[in-house]
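This briefing covers strand pairing, ring contacts, backbone angles and salt bridges in one protein model. Please keep the sequence and the 3D view open while reading.

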Amino acid sequence: MVMELSIGLPDGLLMSAGDGTELTLYEADHTTVRRRINCSVLEGARIADIVWSHKLSAVIAAVPDKNQLFRWDPYTDALQEYGGTGEPGRRDGKIAQAKFAATVSITEAGDGKLWLVDKDSSALRYIAIDTDRPDGDPHVVTVIGRHGAGYQDGPAADAKLARPEDLQILYDGSVVVADTGNDAIRHLDPSAGEVFTIYGGPDQDGDDLDEDVVLQAPARVTVADSHLWVEDANGRHLLEPRYV
């Protein structure tokens with residue numbers, strides 16, 4: 001599933017990742033090119049997702065083929081390594097020493113945390129940023145996926161995912177994940193630390209979704225107009241609004 005990635009930036013600018021191999025900065029009209037960002041540091045690797053971090057005043061790009069995160073800010077105008085050693089794995093702690101395994105989706109919560117999913121380690125994680133420190137002192141924390149891939153609800157410390165591909169933050173601050181390998185949409189309440197399945201799962205019977213659609217490898221979740229949409233191998237589906 002291929003899609004163009006774009007985010008709004010301060011001052012009415014727009015940044016687009018195009019086909020995932022280049023970054024372009026546009027004016028407010030979304031058509032006039034301000035400048036193109038040099039992405040040679042990626043060595044041809046594809047950008048899977050981008051997000052503007054208000055705490056860092058920078059764009060963070062997820063590059064799964066390099067198992068790293070990259071950073072661009074308007075002051076240096078350079079795309080630089082930001083997180084990960086480049087070796088695949090799941091290691092928490094300081095951002096430079098952390099390990100990632102194919103980060104494919106990243107988004108910012110209202111409190112400034114950057115939530116992400118690592119497909120190859122089947123993990124939901126976040127980056128905490130301390131604005132009282134000069135560099136933000138970013139730390140990586142794994143919330144789901146500490147015990148490998150699988151399918152398990154319950155306390156986040158014990159819960160399991162299987163090769164997730166997307167996540168979204170809901171209006172109440174909770175997190176929904178496209179749990180691709182389990183054919184499911186999962187929900188995390190960070191305050192309660194509990195994980196449960198909204199729709200689908202290995203034992204789904206076809207009655208979970210409107211129109212009796214059985215989820216098959218959901219790859220995208222989107223929040224729009226107080227509704228939650230999911231895209232999977234069967235198309236695009238609207239979930240019940242009570243979950244948003």
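R236 lies over the face of W229, 4.2 Å from the ring centre; a charge counts as over a ring if NZ of Lys or CZ of Arg is within 6 Å of the ring centre and within 35 degrees of the ring normal. This is a predicted model, in which local features need pLDDT of at least 70 and side-chain atom pairs count only at pLDDT 80 or more, while totals for chains, interfaces and linings use all residues. Residues are numbered from 1 along each chain as its sequence is written, and side-chain values use heavy atoms, with hydrogens and water left out.

**The sheet with W229**

- W229 stands in strand 20, opposite T222.
- Strand 19 and strand 20 (residues 227-232) pair in the antiparallel sense over 5 bridges; strands are DSSP runs (E, at least two residues) numbered from the N terminus, and two strands pair if DSSP finds at least two bridges between them.
- The order 19-20-21 describes an open sheet of 3 strands with antiparallel pairing.
- Strand 19 (220-224) and strand 21 (235-238) each have a single partner strand and stand at the edges, so one side of each is left without a neighbour in the sheet.
- On average, neighbouring strands of this sheet are turned by 25° against each other, direction ignored; the axes are lines fitted to C-alpha atoms, and angles run from 0 to 180 degrees between N-to-C directions.

- Another open sheet has 5 strands in the order 14-18-17-16-15, with antiparallel pairing.
- Its edges are strand 14 (154-155) and strand 15 (166-169); each has a single partner strand, so one side of each is left without a neighbour in the sheet.
- Strand 15 runs antiparallel to strand 16 (residues 175-179), and 4 bridges join them.
- D166 is opposite A178 of strand 16.

**A hairpin**

- Strand 7 (residues 68-72) and strand 8 (residues 79-83) run antiparallel and are joined by 4 bridges.
- R71 faces Q80 of strand 8 in this pairing.
- The two strands form a hairpin with 6 residues between them, and D77 in the turn has a positive phi of about 55°.

- The structure holds 1 aromatic pair; rings of Phe, Tyr and Trp (its six-membered ring) pair if their centres lie within 6.5 Å, with planes under 30 degrees apart counted as stacked, over 60 as edge-to-face and the rest as tilted.
- W115 and Y126 form this pair, which is tilted, at 5.1 Å centre to centre and 50° between the planes.
- The pair links distant parts of the chain, with W115 in strand 11 (residues 114-118) and Y126 in strand 12 (residues 123-128), 11 residues apart.
- W115 is buried at 4% relative accessible area; buried means under 20%, exposed over 50% and partly exposed in between (1.4 Å probe, protein chains only).
- Y126 is also buried, at 15% relative accessible area.
- K113 lies over the face of Y126, at 4.3 Å from the ring centre.

- Most residues other than glycine have a negative phi.
- H30 is not a glycine, yet has a positive phi of about 65°.
- The loop between strand 3 (23-26) and strand 4 (33-37) holds H30, which is partly exposed at 47% relative accessibility.
- E43, also a residue other than glycine, has a positive phi near 55°.
- E43 lies in the loop between strand 4 and strand 5 (49-53) and is exposed, with a relative accessible area of 66%.

**Salt bridges**

- The count comes to 14 salt bridges, each being a side-chain nitrogen of Lys or Arg within 4 Å of a carboxyl oxygen of Asp or Glu.
- One of them joins the side chains of E43 and K66 at 3.0 Å, N to O.
- K66 lies in the loop between strand 6 (58-63) and strand 7 and E43 in the loop between strand 4 and strand 5, so the pair ties together parts that are 23 residues apart in sequence.
- K66 is buried, at 18% relative accessible area.
- D118 and R125 meet in a salt bridge at 2.8 Å, N to O, and both are buried.
- The side chains of D153 and R186 also form a salt bridge, at 2.8 Å, N to O.
- D153 is in the loop between strand 13 (139-144) and strand 14 and R186 is in strand 17 (residues 184-189), so the pair ties together parts that are 33 residues apart in sequence.
- D153 is partly exposed at 30% relative accessible area, whereas R186 is buried at 1%.
- Salt bridges that share partners join D92, D118 and R125 into one network.
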